[in-house]
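Please look over the sequence and the structure, and then read the points grouped below.

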Amino acid sequence: MSSARLRHAASRARPLSPLFAGKKLEGLPIIVVFIALIAVFTALAPHVFLRWPIYDSFLVTIPPLLIISLGLTLVIAAGEIDLSFPAVIQFSGFLFAFCSLQLGLPWLGLIAALLGGALVGFVNGILVAVVGVPSIIITIGTSFFWSGVATVLCGGLSYALPGLENTPIANIFAGKLLGVPAEAFWALGVAVLGWFVLNRHRFGEHLLFIGDSRSVAEVLGINVRRERIKLFTLMGVITGFASFMLTIQNLNYFATQGQGTLLSALAGVFIGGSSVFGGSATMVGSVFGALIIGMLEAGIVATGVAGFWVEVIVGLVFIVAVVLHIAVESPASLDQLRRRLAVRGPRPDQATKEEIP
Amino acid sequence: MTSGQALPQPAYTNIVEAEKLCVSFGPVQALTDIDLAIGKNDIVGLIGDNGAGKSTLIKALTGVVRPSSGRLYIRDQPVDLGRYSVRKAHALRFETVYQEKSLGEKQPLWRNFFAGRQIVNRFGFINVREQRRIANEILQSHLGFRGVGIDADSTVANLSGGERQGIAIGRAMHFDADLIILDEPTTALAIKEVQKVLDFVRWIKESGRAAIYIEHNLAHVHALADRLVVLDRGRIAASVRPAELSLDALTRFLIDLQQPKAGIAA
């Protein structure tokens with residue numbers, strides 16, 4: 001066919017502000033929020049934020065949650081959600097603790113933690129992709145189930161793991177490298193890998209198309225069922241790894257571990273700018289989102305504001321970050337945001353409820 | 001014409017042939033005993049009311065939906081229905097042009113041109129540079145999008161209906177399809193854009209390819225198709241040449257089909 005036949009005569013005005021035209025920096029709005037927060041904290045509590053120890057502590061406490069946020073980013077990209085990861089933190093952590101303490105095989109424990117996570121995720125995947133239950137519903141159910149299984153198996157008891165101190169496995173995953181916590185390097189590694197999987201790998205592209213529209217994905221020849229099973233299984237494995245890291249850095253398995261992480265990890269993803277509707281997600285955003293969520297509490301306390309204010313400020317930062325993101329990325333969808341905020345606004349209240357049980 | 005990615009073509013009579021093809025979704029029989037042969041240079045107009053099974057039929061022919069029974073021949077060779085898929089259909093150079101249903105809204109065009117058959121290394125990582133280059137090439141050489149602000153990084157959401165149709169057509173041309181399926185390609189298009197689509201159907205014919213053309217505008221399909229196949233409640237109600245049935249007669253035939261229990265057998 002001659003090119004003239006399909007030539008489009010109409011010229012178009014591109015609705016992009018000149019500031020963000022051309023190559024956009026991924027996650028820019030959230031990076032701005034992150035830098036602003038650090039600046040505010042430093043101004044208000046220079047004695048804390050101009051010294052290394054607070055950052056050292058962040059780089060220990062944030063990585064497990066951050067790694068989970070990275071996995072969730074893939075899930076959100078596909079237009080799905082996984083609410084069962086807190087149960088995996090409990091379940092996989094138990095498997096690791098059991099193998100380490102009862103069998104004396106911590107490396108087997110690591111494998112068991114990953115496989116346990118894979119099992120939970122695979123079951124989620126089957127229920128979502130084959131049986132056809134919406135993930136937001138079924139992962140509530142599986143969350144109760146696996147959390148219950150973990151409680152039954154550990155008998156409600158915590159496991160102290162002092163014997164792991166200074167063992168190779170503890171040094172590799174929770175030691176120090178060049179004075180920086182090893183967890184930070186692992187989180188960075190998962191983040192880089194996650195970025196490439198989402199943005200440059202066939203699997204990530206399939207997730208984006210599935211999140212965009214399942215029927216389009218099918219027409220394009222994407223095996224929607226298989227990819228979603230893979231997705232949930234991968235999410236389970238990633239959470240299993242985070243749970244292992246959490247357990248080995250504490251040298252303790254808490255029977256209640258994982259509780260209270262649900263909203264924090266999700267908040268990290270959403271303030272990073274990933275779309276709850278699927279089809280669009282940002283790993284860079286999730287990294288900075290998780291960093292912000294992870295440092296807010298300690299930061300606020302360090303500035304001397306009463307602890308009661310923590311969740312008010314968390315909620316504010318959440319709202320500002322999401323609005324900023326929308327304003328920069330797609331000004332036209334501010335209308336949509338108004339509706340979305342009606343859903344996400346009450347986060348601080350929900351977080352309180354989450355932590356009570 | 002062959003671009004090296006597909007097998008050299010032996011001579012064949014029919015690009016695709018269905019024999020007693022049935023599709024059911026649970027207890028619902030969507031298609032019953034479809035017998036349909038499409039020659040290698042046939043333009044077949046597929047018409048019928050909503051729910052007659054048109055979309056299901058093309059989905060079965062392109063591997064999106066698995067038939068429950070029957071046989072399928074592609075280029076006169078039998079196809080293993082259990083292993084037939086969209087991927088296979090793509091490899092056999094079948095392309096589907098849907099206006100709304102074959103492009104990812106939020107994704108850039110360099111992804112949309114190749115989704116489902118990306119250019120990847122052996123670890124599955126996409127060669128973005130190459131996909132971008134080819135996407136821009138398609139946009140500029142085939143589609144003449146040069147200078148209108150559309151490039152490989154544009155997202156589909158920003159495109160008009162006609163432009164989307166152009167993208168889907170460009171994709172079909174790039175992959176050098178032998179059978180192009182157009183599912184209501186002129187719906188909601190401006191008149192100028194409708195003309196482009198109709199030109200595209202003529203080009204399919206002139207270049208020796210085959211097409212299945214689903215269209216509710218009877219005048220368009222009557223004028224362009226070599227053969228009209230009427231589907232009604234999952235069965236083929238008629239298969240005629242436009243010369244044998246005037247546009248008025250066709251319209252009356254379709255209206256009669258709608259009468260309950262009209263008892264029409266092809």
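The structure is a predicted model, in which local features need pLDDT of at least 70 and side-chain atom pairs count only at pLDDT 80 or more, while totals for chains, interfaces and linings use all residues. Residues are numbered from 1 along each chain as its sequence is written, and chains are lettered from A and ligands numbered from 1 in the order in which they are written.

**Chain A in outline**

- Chain A contains 16 helices and 4 strands; helices (H or I, at least four residues) and strands (E, at least two) are DSSP runs, numbered from the N terminus.
- Chain A has 357 residues, and 48% of them count as buried. A residue is buried if 20 or more other C-beta atoms lie within 10 Å of its own, exposed if 12 or fewer, and partly exposed in between, with C-beta atoms placed from the backbone.
- Of the contacts in chain A between residues at least 6 apart in sequence, 78% join residues at least 24 apart. Two residues are in contact if their C-beta atoms, placed from the backbone, lie within 7 Å.

**The largest nonpolar core**

- The largest nonpolar core comprises 170 residues, and Ile292(A) and Tyr213(B) have the most contacts inside it. Helix H11 (residues 224–250) of chain A supplies the largest share of this core, 13 residues.
- Such a core is a set of buried Ala, Val, Leu, Ile, Met, Phe, Trp, Tyr and Cys residues joined through C-beta atoms within 7 Å.
- Beyond four places in sequence, Tyr213(B) touches Ile43(B), Val44(B), Gly45(B), Leu46(B), Leu182(B), Val201(B), Val221(B), Leu224(B) and Ala225(B).

**Helix packing in chain A**

- Two packed helices are described by the angle between their axes and the distance between the axes. Axes are lines fitted to C-alpha atoms, for helices over the stretch in contact, and angles run from 0 to 180 degrees between N-to-C directions.
- Helix H5 (residues 106–131) of chain A packs with H11(A) at an angle of about 150°, the axes being 6 Å apart.
- H5(A) and H11(A) cross in a right-handed manner. A crossing is left-handed if the near helix is turned anticlockwise from the far one by less than a right angle, and right-handed if clockwise.
- The residues in the contact of H5(A) with H11(A) comprise 18 nonpolar, 10 polar and 2 charged. Ala, Val, Leu, Ile, Met, Phe, Trp, Tyr, Cys and Pro count as nonpolar, Asp, Glu, Lys and Arg as charged, and the others, Gly among them, as polar.
- Helix H1 (residues 28–44) and helix H13 (residues 283–302) of chain A pack at an angle of about 20°, with axes 10 Å apart. H1(A) and H13(A) are therefore roughly parallel to each other, and their crossing is left-handed.
- The contact involves, among others, Phe34(A), Leu37(A) and Phe41(A) of H1(A), together with residues of H13(A) including Phe288(A) and Ile292(A). By class, the contact of H1(A) with H13(A) has 10 nonpolar, 3 polar and no charged residues.

- In helix H1 (residues 54–61) of chain B, 8 of its 8 residues are buried; Lys54(B) and Lys59(B) are among them.
- H1(B) is followed by Gly63(B), whose phi is positive, near 85°.
- Leu228(B) belongs to strand S9 (residues 227–232) of chain B and is buried, with 23 other C-beta atoms within 10 Å.
- Apart from neighbours within four places in sequence, Leu228(B) contacts Gly45(B), Ile47(B), Val221(B), Val240(B), Pro242(B) and Leu250(B).

**Loop residues**

- Leu251(A), in the loop between H11 and strand S4 (252–253) of chain A, has a positive phi near 50° although it is a residue other than glycine. Leu251(A) is partly exposed, with 17 other C-beta atoms within 10 Å.
- Glu184(B) also has a positive phi, near 45°, and lies in the loop between strand S7 (179–183) and helix H6 (191–206) of chain B.
- Gly179(A) lies in the loop between strand S2 (176–177) and strand S3 (180–181) of chain A and counts as exposed, with 7 C-beta neighbours inside 10 Å.
- Gly234(B), in the loop between S9 and strand S10 (235–240) of chain B, counts as buried, with 21 C-beta neighbours inside 10 Å.

Note on methods
Parallel < 35°, antiparallel > 145°, perpendicular 65-115°, else oblique.
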